[in-house]
Amino acid sequence: MSETPLETLRRHRPRWDRVGERAVEGLIRLCGYSAILFVLGIFLFVFREGAPLLPKLDWGRVLLSPEWYPTSRMHVRYGVAAMIAGTLSVTALAMVLAVPFGLGAAIFVSEFCTGRVKETLKIVIELLAAIPSIVWGFIGLSVTNRLIQTYLPAPVGLNLFNAACLLALMSVPIIVSIGEDALKAVPDSYREAALALGATRWQTVYRVLLPAARHGLLAAVLLGVGRAIGETMAVLMATGHANQFPRSLFDPIRTLTATIAAELGETAVGSDHYRMLFVIGLMLFTITFIVNLLADLAVRGVRNKTG
Amino acid sequence: MVNPPAKIAVENLRVSYGHREVLHGLSFTVAPNEIFAIIGPAQSGKTTLLRCLNRTLEFTPHARLSGIVRVDGEALAHVADVHALRRKVGMVAPLPVGLPMTIYDNVAFAPRCAGVRDRAELDARVERCLRQAALWDEVKDRLHTLGTRLSGGQQQRLTIARALSHDPEILCLDEFSIAIDPVTTMRIEEVLRELRRRMTIVLVTNLVQQARRLADRTMFLWNGELVELDRTEVIFGDQPRDRRTYEYTRGFFG
């Protein structure tokens with residue numbers, strides 16, 4: 001049997017070429033695995049700092065009581081219920097504001113916008129994503145604070161609503177840019193087929209494009225949620241940082257992240273208070289994990305239903 | 001004999017993409033309930049011509065059109081409801097594009113966009129269109145699975161069913177048999193002969209024999225020019241007017 005030209009080429013390839021290819025392959029493999037390594041590493045580090053306190057905690061009280069007195073002389077209490085409520089409520093409210101806006105903007109940029117307007121919008125949205133969170137905090141303290149006090153029935157301007165607005169503004173650009181990518185990934189042939197069947201542009205969007213891009217759009221929303229849950233500086237400055245259950249939109253609240261940021265610098269390394277803050281870090285980990293898991297299940301559910 | 005008013009009338013149609021003109025002034029008419037075949041080698045402008053008929057040409061950013069295309073006497077450039085026009089002129093593309101939804105939803109898509117909500121009516125339409133496209137027996141037990149999971153030939157018949165779902169008056173088929181086997185092709189040709197009683201059919205095809213089997217009249221396009229348009233027997237006969245027609249239909253070039 002004679003050799004094909006390709007085989008000849010392969011056999012005569014210089015040795016260093018093959019070695020080089022192996023090396024690149026290994027390097028890429030390493031990059032891939034490093035993601036797992038980093039996540040595990042971060043989790044282990046946080047866990048190591050918090051772990052000694054875990055057996056000592058009365059979990060019922062920690063999770064259900066709002067009483068957070070980590071430095072009390074008489075009776076130290078580590079109740080984080082109010083902070084969990086604070087984190088969840090501010091994130092939920094931020095998403096109520098950000099998801100319709102973000103997805104709407106993504107649809108507009110991707111489907112209804114062309115040429116100059118589209119390019120300008122994309123640049124501005126990316127700029128919005130690049131504003132540091134501390135600057136958002138300033139805006140919360142000086143601009144929205146005053147607006148809320150003037151125009152809304154709120155005794156204080158630093159509250160749940162203020163922080164949720166900031167978080168919404170911070171997550172909208174992420175939702176828009178990821179959502180736009182998801183819509184852009186839908187093949188043009190779908191658009192043409194739908195339009196050729198007499199669908200209007202809007203019918204094309206909501207009957208064809210949104211279902212086709214749903215995984216990517218869900219990812220966009222999730223990244224927005226992730227940003228809102230993890231955000232620290234802006235919420236520390238804008239929520240009012242009051243450890244209580246929110247009863248209305250305009251109550252000051254306190255979040256898990258802001259507590260860590262505000263208190264970690266004041267604790268002695270290795271003290272119970274210090275370890276408790278790391279336990280809070282673990283809780284944040286758990287919350288984001290649950291959110292991701294739920295989303296994953298939701299996606300699978302959708303897939304099974306239509307598949 | 002009085003000629004019936006033309007279903008489609010094209011006058012001096014020119015289309016260019018950027019600086020490249022691909023249709024150089026075509027004029028022809030298509031009669032109601034006619035099967036009108038367009039043959040010609042690749043790059044001769046057949047698909048572009050079809051895209052003018054339902055105004056999907058305007059999706060291509062640099063396409064420019066001059067001349068007049070009329071459907072039922074109405075100039076397409078002045079049509080107010082382009083969506084209604086696209087329902088009136090059904091289109092089947094050469095490579096099937098199954099929309100990412102169930103078989104049922106694929107066929108019910110256009111009627112729903114047109115505002116049909118009644119479940120029973122949708123059911124009836126879906127069944128009728130799938131039967132007409134010779135697909136019903138193969139998919140009737142799995143109407144609610146994804147249309148994109150069908151085989152290539154089945155997907156093509158699905159797009160034909162979809163094009164029939166909005167009761168078009170004109171059905172344009174762009175090389176529909178490219179992705180289907182000969183037996184199915186024959187079945188669909190049978191269906192087309194049936195459908196012509198209710199609609200006008202414009203058939204673009206690379207298979208000259210398909211034009212010969214089906215068409216009343218055949219138009220031979222070459223490099224964007226109308227070489228010859230006549231009754232199919234003449235085009236495929238021994239003495240078409242143009243030598244190129246004779247050579248093309250006998251496979252001497254193409």
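**Working through the model**

Colleague: Leaving aside its neighbours within four places in sequence, which residues is Tyr274(A) in contact with?

Modeller: Tyr274(A) touches Thr267(A), Ala268(A) and Val269(A). Contact here means that the C-beta atoms, placed from the backbone, lie within 7 Å. This is a predicted model, where local features need pLDDT of at least 70, side-chain atom pairs count only at pLDDT 80 or more, and totals for chains, interfaces and linings use all residues. As for labels, residues are numbered from 1 along each chain as its sequence is written, while chains are lettered from A and ligands numbered from 1 in the order in which they are written.

Colleague: Where does Tyr274(A) sit?

Modeller: In helix α13 of chain A, residues 272-306. Helices (H or I, at least four residues) and strands (E, at least two) are DSSP runs, numbered from the N terminus. The C-alpha atom of Tyr274(A) is 9.2 Å from that of Ile260(A), 14 residues apart along the chain.

Colleague: Why does Tyr274(A) count as partly exposed?

Modeller: Because Tyr274(A) has 18 C-beta neighbours inside 10 Å. The scale is: buried with 20 or more other C-beta atoms within 10 Å, exposed with 12 or fewer, partly exposed in between, with C-beta atoms placed from the backbone.

Colleague: Moving to chain B. What is the strand order in its open sheet?

Modeller: Six strands in the order β6-β7-β8-β3-β9-β10, with mixed pairing. Two strands pair if DSSP finds at least two bridges between them. The edges are β6 (89-92) and β10 (225-231) of chain B; each has a single partner strand, so one side of each has no neighbour in the sheet. On average, neighbouring strands are turned by 15 degrees against each other, direction ignored. Helix α6 (residues 152-164) of chain B packs on the sheet and touches β6 and β7 of chain B. The direction of α6(B) makes about 175 degrees with that of β6(B). Axes are lines fitted to C-alpha atoms, for helices over the stretch in contact, and angles run from 0 to 180 degrees between N-to-C directions.

Colleague: And β8(B): how many of its residues are buried?

Modeller: Five of the five, residues 200-204, so β8(B) is largely enclosed by the rest of the structure. Thr200(B), Val202(B) and Val204(B) are on one side, Ile201(B) and Leu203(B) on the other.

Colleague: Why two sides?

Modeller: Because side chains in a regular strand alternate between the two faces of the sheet.

Colleague: Which strands are joined to β8(B) by bridges?

Modeller: Strand β3(B), residues 35-39, runs parallel to β8(B) over four bridges, and Ala37(B) is opposite Leu203(B). Strand β7(B), residues 170-174, is also parallel to β8(B), over five bridges, with Leu171(B) opposite Ile201(B). From β7(B) the chain passes through helix α7(B), residues 182-195, to β8(B) in a right-handed β-α-β crossover. Right-handed means that, with the strands pointing away from the viewer, the path from the first strand over the helix to the second runs clockwise.

Colleague: What do β1(B) and β2(B) form?

Modeller: A hairpin with two residues between the strands; Gly18(B) in the turn has a positive phi of about 65 degrees. β1(B), residues 8-17, and β2(B), residues 20-30, are antiparallel over eight bridges.

Colleague: Which residue has a positive phi of about 65 degrees although it is not a glycine?

Modeller: Gln43(B). Gln43(B) lies in the loop between β3 and α1 (46-53) of chain B and is exposed, with 12 other C-beta atoms within 10 Å.

Colleague: Last topic. How many residues does each chain bring to the contact?

Modeller: Chain A brings 18 and chain B brings 20. On the chain A side, α8(A) gives the most, seven residues. That side has 10 nonpolar, six polar and two charged residues. Here Ala, Val, Leu, Ile, Met, Phe, Trp, Tyr, Cys and Pro count as nonpolar, Asp, Glu, Lys and Arg as charged, and the others, Gly among them, as polar.

Colleague: What scores does the predictor give the complex?

Modeller: An ipTM of 0.85 and a pTM of 0.82. Chain B has a mean pLDDT of 89, and 98% of its residues reach 70 or more. pLDDT is the predictor's confidence in each residue, from 0 to 100.

Definitions and conventions. Two residues are in contact if their C-beta atoms, placed from the backbone, lie within 7 Å.
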